[in-house]
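Biologist: Could you walk me through this model, one question at a time?

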Amino acid sequence: MTEELTAFVQKGVGDVAAMVSGALVALGDRLGLYAAMADGEPVTAGELAGRTGTTERYVREWLAAQAAAGFLRYCGDGRYRLTAEGAVVLTDEDSPVCLVGAFQLALAAVQSVDRLAAAFRTGAGVGWGEHHHELYPGCERFFAPGYRNHLVASWIPALDGAERALRSGAAVADVGCGRGASTLLMARAYPASTVTGFDAHADSVRAARKAAADAGLAERARFEVATAADYPGRYDLVTFFDCLHDMGDPIGAARHARAALHPGGRLMVVEPMAGDRVEDNLHPVGAAYYGFSTLLCTPGALSQGAPDAPAALGAQAGEERLRDVLAEAGFGVVRRIAETPFTMVLEARV
């Protein structure tokens, strides 16, 4: 084989290994295997099986696979350990670098490949509610650590005057709220304000209502089934958390948000970090987001049946395209107020 062919074969084998290893990460999370190793002490398959109520023979194979993939360290004598760094990434859902939800989300997303193959041929969409049931909690777990670490601490304070209004008592619409992670964070941090989460996926709204009740926030955090084009009310702040690119008509969604704002109100748009050109996004973060966009975001936007709307933005829209959408919707001032390695945050005002 040529050097180039050998390199491509090695890449292919690596990606096959990554695909199956990712599924095993989701399995280990579901069974509590990582949590049982979070103390960093070396364990045998038998010890780990005893801690987790699983079967030693399965656990032995899982441990070897995870060590080969680099998620665990092999210590010799049949013992394995999870490093402190691994414990943060795979067990600490309060950390902004926790990625375990991404594996849960990815495993659920790839189970729609049969449906997507048909959609590729017909151009039809695949609605958000048509995916595997693990997709929705996985999506929440993927994004929630970033929200917990940044939303109240830095993103809202960066909005011009918004934090003062929220502390005094403001009305907030959280559009595309999913299972309510962002909504509940705002309701908890600003008890004088009322936050209403809107989402078109009824099962997610039911889960959000339960989470609000369990947290004692049902009086300040309400949830309703509605799309980005038809939710009612007037607000001081409207938010889109990682969802504007999922809209079948993003300009229409932004235009409805502008109409829903009180004078002096503002829109906050949180979107995946992306450059404006494809070549700016040819790296692992871009690969992950383009992948999720192919499996979830673009099919979801195309399912919404807005024939006069622009092409689906996708999860790597980039700031320039987002600014164009917001300007077309009537927002005269758009500025980037915050960013992380995974996220950009825009403020839009009339």
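Biologist: Let's start with strand pairing: which residue of β9 is the bridge partner of valine 269?

Modeller: Happy to, and please keep in mind that this is a predicted model. Strand β7, residues 261-272, runs antiparallel to β9, and 6 bridges join the two. Within that pairing, the β9 partner of valine 269 is leucine 346.

Biologist: How many of the 7 residues of strand β9 are buried?

Modeller: This strand spans residues 343-349. Strand β9 is largely enclosed by the rest of the structure, because the number of its residues that are buried is 6 of 7.

Biologist: Now for charges: which glutamate meets arginine 266 in a salt bridge, and how far apart are N and O?

Modeller: Arginine 266 sits in strand β7 and its partner in strand β9, so this is a link between distant parts of the chain, 81 residues apart. Both side chains are buried. The pair belongs to a network of salt bridges that links Arg266, Arg335, Glu347 and Arg349. The partner is glutamate 347, with an N to O distance of 2.8 Å.

Biologist: How many salt bridges are there by this rule?

Modeller: The rule asks for a side-chain nitrogen of Lys or Arg within 4 Å of a carboxyl oxygen of Asp or Glu. The pair of arginine 266 and glutamate 347, at 2.8 Å, is one of them. The count comes to 19.

Biologist: Which residue forms a salt bridge with arginine 179, and what separates the closest N and O atoms?

Modeller: The partner of arginine 179 is glutamate 140. Arginine 179 lies in the loop between β3 (171-175) and α9 (181-189), while glutamate 140 is in helix α7 (residues 135-158), so the pair ties together parts that are 39 residues apart in sequence. Arginine 179 is partly exposed at 26% relative accessible area, and glutamate 140 is partly exposed at 26%. The closest N and O atoms of arginine 179 and glutamate 140 are 3.0 Å apart.

Biologist: Which arginine forms a salt bridge with glutamate 224?

Modeller: The closest N and O atoms of this pair are 3.5 Å apart. Glutamate 224 belongs to strand β5 (residues 221-225) and its partner to helix α10 (residues 202-214), so the contact ties together parts 15 residues apart in sequence.

Biologist: Is valine 13 buried or exposed?

Modeller: Valine 13 lies in helix α1, residues 3-31. Together with Met1, Leu5 and Val9, Val13 makes a nonpolar surface patch of about 410 Å². The cut-off for exposed is over 50% relative accessible area. Valine 13 has 54%, so it counts as exposed.

Biologist: Lastly, which annotation does UniProt give for residues 167-274?

Modeller: Over this stretch the chain is 32% helix and 32% strand. Its end C-alpha atoms are 32 Å apart. The UniProt record, an unreviewed entry, annotates residues 167-274 as "domain: Methyltransferase".

Note on methods. Residues are numbered from 1 along each chain as its sequence is written. This is a predicted model: local features need pLDDT of at least 70, side-chain atom pairs count only at pLDDT 80 or more; totals for chains, interfaces and linings use all residues. Side-chain values use heavy atoms; hydrogens and water are left out. Patches are made of residues with over 30% relative accessible area and no salt bridge: like charges are joined within 9 Å, nonpolar side chains (Val, Leu, Ile, Met, Phe, Trp, Tyr) within 5 Å. Accessible areas come from the Shrake-Rupley method with a 1.4 Å probe; for residues, only the protein chains shown count as cover. Helices (H or I, at least four residues) and strands (E, at least two) are DSSP runs, numbered from the N terminus. Buried means under 20% relative accessible area, exposed over 50%, partly exposed in between (1.4 Å probe, protein chains only). UniProt positions are given in the numbering used here, feature names are shortened, and annotations may be inferred rather than shown by experiment. Two strands pair if DSSP finds at least two bridges between them.
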